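Welcome, and thanks for taking a look at this one with me. Below are a few numbered notes to read alongside the view.

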Amino acid sequence: MDLLDFEAQGLYFDEPDVAGVKELIAEASAQYGGGKAELPLLKAYFKAPESLNVLVALNRFYYYQHRLDDALAATTKALAVIREVVTFPEDWRDLQISHLQTAPAALLTQVRLYLFTLKAIGFLHMRLGDLQVSQAIFEKLVALDSKNRIGAEALLELVIQRQAELYAATAQASA
C-alpha cells in the first residue's frame, strides 16, 4: 500500500470544534511568548477532550516547553481518538498491514494521521530514553510502510545506533 496514493479529505484541523475552543487555542498562541499559554490550552482541553486540534496544540506546547512526558500524554490521547475513527486495534502492536489495506478510502487521511502520530509517540519515547519502546514502534511502522512514506526507517536506525552506543559505554565502564 502506498501511503501517498490518496486524496486528502477529512483533515483534523478542518473539523468543527466546541464553541470557544478555536478562540482558546488562538489565545494560547498569543500568550505563548509571555508564558501564559498553558491555561487557555487546558481550558480548551476540558471543553473538548477529544478534539485533535486541542491535542495537537497541547503536544506542540509541551514539546517546545521540553515537557516531554506531558507531550507524550497528549499524543497518546490523540492516537486513541484517531484509532476510534479508523477502528484499528486498541494496542498498536496488534496493527497489521491488513488493517491498512482494508481501511475505506475515505479514511486514508486518518490512517496516515494515525501512523504519523504513532511515529511521534516513538520519537517522544526516544527523547525520554525509552529506546526499547521507541524501537518497537519504529519497527512496526517500517513493517507497515514498505515505501517509507512515514519516514520511520531513519529513526529506527538512530535508535539502534543509540542502543549500540549505550551498550558499548556500559561494557567499557564495567571493564
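1. Let's begin with one ring. At 27% relative accessibility, Phe-123 counts as partly exposed. Please keep in mind that this is a predicted model.

2. Which residue does Phe-123 pair with? Its partner is Tyr-63, in a tilted aromatic pair with 6.3 Å between the centres and 45 degrees between the planes. Tyr-63 lies in helix 3 and Phe-123 in helix 6, so the pair ties together parts 60 residues apart in sequence. Tyr-63 is partly exposed too, at 22% relative accessibility.

3. The structure holds 6 aromatic pairs. One of them joins Tyr-32 and Phe-61 edge-to-face, at 6.0 Å centre to centre and 90 degrees between the planes. Tyr-32 is partly exposed, with a relative accessible area of 35%, whereas Phe-61 is buried, at 10%. Together with Tyr-62, these two residues form one aromatic cluster.

4. Now for the charged side chains. How many salt bridges does the structure hold? There are 5. In one of them, Arg-67 meets Glu-38, with the closest N and O atoms 3.0 Å apart. This pair spans distant parts of the chain: Arg-67 is in the loop between helix 3 (52-64) and helix 4 (68-86), and Glu-38 is in helix 2 (residues 38-47), 29 residues apart. Both ends are partly exposed, with relative accessible areas of 30% for Arg-67 and 24% for Glu-38.

5. Another salt bridge runs from Lys-77 to Glu-50, where the closest N and O atoms are 2.7 Å apart. Lys-77 belongs to helix 4 and Glu-50 to the loop between helix 2 and helix 3, so to speak a link across 27 residues of chain. Lys-77 is partly exposed at 25% relative accessibility, and Glu-50 is partly exposed at 47%.

6. Arg-93 and Asp-91 also meet through their side chains in a salt bridge, at 3.0 Å from N to O. Arg-93 has a relative accessibility of 46% and Asp-91 one of 29%. Elsewhere, salt bridges with shared partners join Glu-38, Arg-67 and Asp-70 into one network.

7. The largest nonpolar core has 46 residues, and Val-111, Tyr-114, Leu-115 and Phe-138 touch the most other members. Several helices supply at least two residues each, among them helix 1 (21-31), helix 6 (108-127), helix 7 (131-144) and helix 8 (153-174). Helix 4 gives the most to this core, with 9 residues.

8. Helix 2 deserves a look of its own. Where do its buried residues lie around the axis? They are Pro-40, Leu-41 and Ala-44. These residues cover an arc of only 100 degrees, which puts them on the same side of helix 2. Residues three or four places apart in an α-helix point the same way, because there are 3.6 residues a turn. What covers the buried residues of helix 2 includes helix 1 and helix 3. On the face turned away from the buried side, Leu-39 and Phe-46 are exposed.

9. A last stop is Gln-65, in the loop between helix 3 and helix 4. Gln-65 is partly exposed, with a relative accessible area of 35%.

Key
Residues are numbered from 1 along each chain as its sequence is written. This is a predicted model: local features need pLDDT of at least 70, side-chain atom pairs count only at pLDDT 80 or more; totals for chains, interfaces and linings use all residues. Side-chain values use heavy atoms; hydrogens and water are left out. A salt bridge is a side-chain nitrogen of Lys or Arg within 4 Å of a carboxyl oxygen of Asp or Glu. Helices (H or I, at least four residues) and strands (E, at least two) are DSSP runs, numbered from the N terminus. Buried means under 20% relative accessible area, exposed over 50%, partly exposed in between (1.4 Å probe, protein chains only). A nonpolar core is a set of buried Ala, Val, Leu, Ile, Met, Phe, Trp, Tyr and Cys residues joined through side-chain atoms within 4.5 Å. The arc is that of the directions from the helix axis to the C-beta atoms. Contact means heavy atoms within 4.5 Å. Rings of Phe, Tyr and Trp (its six-membered ring) pair if their centres lie within 6.5 Å; planes under 30 degrees apart count as stacked, over 60 as edge-to-face and the rest as tilted.
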